[in-house]
Amino acid sequence: MKALLEAPVSGRLRLPQGGGLRGPQTATPGGSITVNVGPNDSSIQVTDPTTQNTTTHKVEPGKDTTIPMPNAPGGTMVRVQIGKGLNAQFLVVELQSTGP
Amino acid sequence: MRLDPVYVLAPKKTPRPASTRRMFLLTGGAFVAGAAVGGACGYSMGVAASQPQEAPRQPEENATPEYEKSGNHELDELRRLAVKAPLDELFDKSVMFLTMQMSDYKTDPVLWYGVDRMSKEIIDNPDRKVDYMVIAVVIENIKFLEPPEKLGLRTMIPKLKLRRDEEKQRK
């Protein structure tokens with residue numbers, strides 16, 4: 001199983017790109033991102049911290065899937081999750097506003 | 001005059017004394033063993049008596065509680081991370097910890113001690129490499145959930161933001 005945290009050449013710790021969940025680390029508010037989910041997961045949860053709402057999206061495992069991002073302020077860290085509980089895998093996506 | 005024989009018991013033979021050399025060795029060995037045991041006991045008692053006695057510890061105002069088992073294995077593990085796990089482990093699992101706090105356990109009081117530990121470590125130890133996104137997630141949990149007032153987590157937000165920006169610059 002891939003280590004939860006990687007230490008790249010600079011020695012700095014990075015957030016995990018879990019073996020079963022891969023995607024970008026930035027997105028635009030109200031936009032969408034494309035993620036790749038491993039073969040054992042058929043749904044993905046997206047949590048908006050500003051409202052604490054979690055939405056669930058069905059995905060095709062092993063394939064690229066586009067999921068919507070909440071329309072939250074720039075700088076918000078959206079939590080993307082596959083699986084449940086202590087074995088879940090996570091991806092944190094920073095919303096970056098493109099407008100002025 | 002007739003002399004009748006009188007039978008007298010022969011005197012008991014006095015037991016031969018033990019070999020003087022054997023007795024000497026046994027006695028000497030017992031003395032040495034006793035001296036060794038007594039010396040060790042006396043030394044340890046002296047060391048204990050010479051050390052200053054610690055004053056009874058007063059419970060800290062914000063001391064992390066001994067968490068009770070909730071019966072929910074998942075929550076108990078998160079509580080363990082919050083209160084007992086080494087900081088390295090807590091930071092390793094910080095995204096899981098903070099996300100589950102927000103989505104499933106936002107009212108659990110014990111988990112806030114984990115947020116408190118992370119926040120203090122981030123602020124007080126700039127040598128610890130923490131991804132700026134993790135710091136941002138910590139800030140969001142404090143901002144959008146309801147941490148207990150006594151931990152003063154909201155007052156740490158400005159310093160956490162400074163650390164977040166420092167780490168973002170380094171990236």
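Predicted model: local features only at pLDDT ≥ 70, side-chain atom pairs only at ≥ 80, totals over all residues.
I started with a side-chain pair: R163(B) reaches the side chain of E166(B) in a polar contact of 3.1 Å.

**Around R163(B).** I looked up where this arginine sits, and it belongs to helix α7 of chain B. Buried or exposed? R163(B) counts as buried, because its relative accessibility is 5% and the cut-off for buried is under 20%. Leaving out residues up to four places away in sequence, I listed what R163(B) touches: I122(B), I123(B), N125(B), P126(B), R128(B), I135(B) and R170(B).

**L162(B).** Next I checked L162(B), which is also placed in α7 of chain B. L162(B) has 56% relative accessibility and therefore counts as exposed, the cut-off being over 50%.

**Largest nonpolar core.** I then went to the core of 43 residues. Which of its residues touch the most other members? They are L78(B), F97(B), V115(B), V138(B), I142(B) and L160(B). Two or more residues come from each of β8 (89–95) of chain A and, in chain B, α2 (73–83), α3 (87–92), α4 (94–103), α5 (111–124), α6 (132–144) and α7 (157–170). Helix α6(B) gives the largest share, nine residues.

**Helix α4(B).** How many of the 10 residues of α4(B) are buried? Nine are, so the helix is largely enclosed by the rest of the structure. I noted the buried ones as S94(B), V95(B), M96(B), F97(B), L98(B), T99(B), M100(B), Q101(B) and M102(B).

**Sheets in chain A.** I traced a five-strand open sheet with mixed pairing, ordered β2-β8-β7-β4-β5. Its edges are β2 (26–27) and β5 (53–58), each of which pairs on one side only. Strand β4 (residues 43–48) runs antiparallel to β5(A), and six bridges join the two.

I counted two bridges between β1(A) and β3 (residues 32–37) of chain A, and L21(A) has V37(A) as its bridge partner in β3(A).

**Where the chains meet.** I looked at how α6(B) is placed against chain A: it lies across β7 (77–82) and β8, at about 100° to β7(A).

**Chain B overall.** I find seven helices and zero strands in chain B. Of its 171 residues, 35% count as buried. For contacts between residues at least 6 apart in sequence, 62% join residues at least 24 apart. The accessible surface of chain B is about 11,900 Å², and carbon and sulfur atoms account for 58% of that.

How values were computed:
Residues numbered from 1 in each chain as written. Chains lettered and ligands numbered in written order. Heavy atoms only, no water. Core = buried A, V, L, I, M, F, W, Y, C linked by side-chain atoms within 4.5 Å. Buried < 20%, exposed > 50% of the residue type's maximum accessible area, 1.4 Å probe, protein only. Helix = DSSP H or I, 4+ residues; strand = E, 2+ residues; numbered from the N terminus. Polar contact = N/O pair within 3.5 Å; in protein donor to acceptor, adjacent residues only side chain to side chain. Contact = heavy atoms within 4.5 Å. Pairing = 2+ DSSP bridges. Axes fitted to C-alpha atoms, helices over the stretch in contact; angles between N-to-C directions. Areas by Shrake-Rupley, 256 points an atom, 1.4 Å probe, with all protein chains shown as cover.
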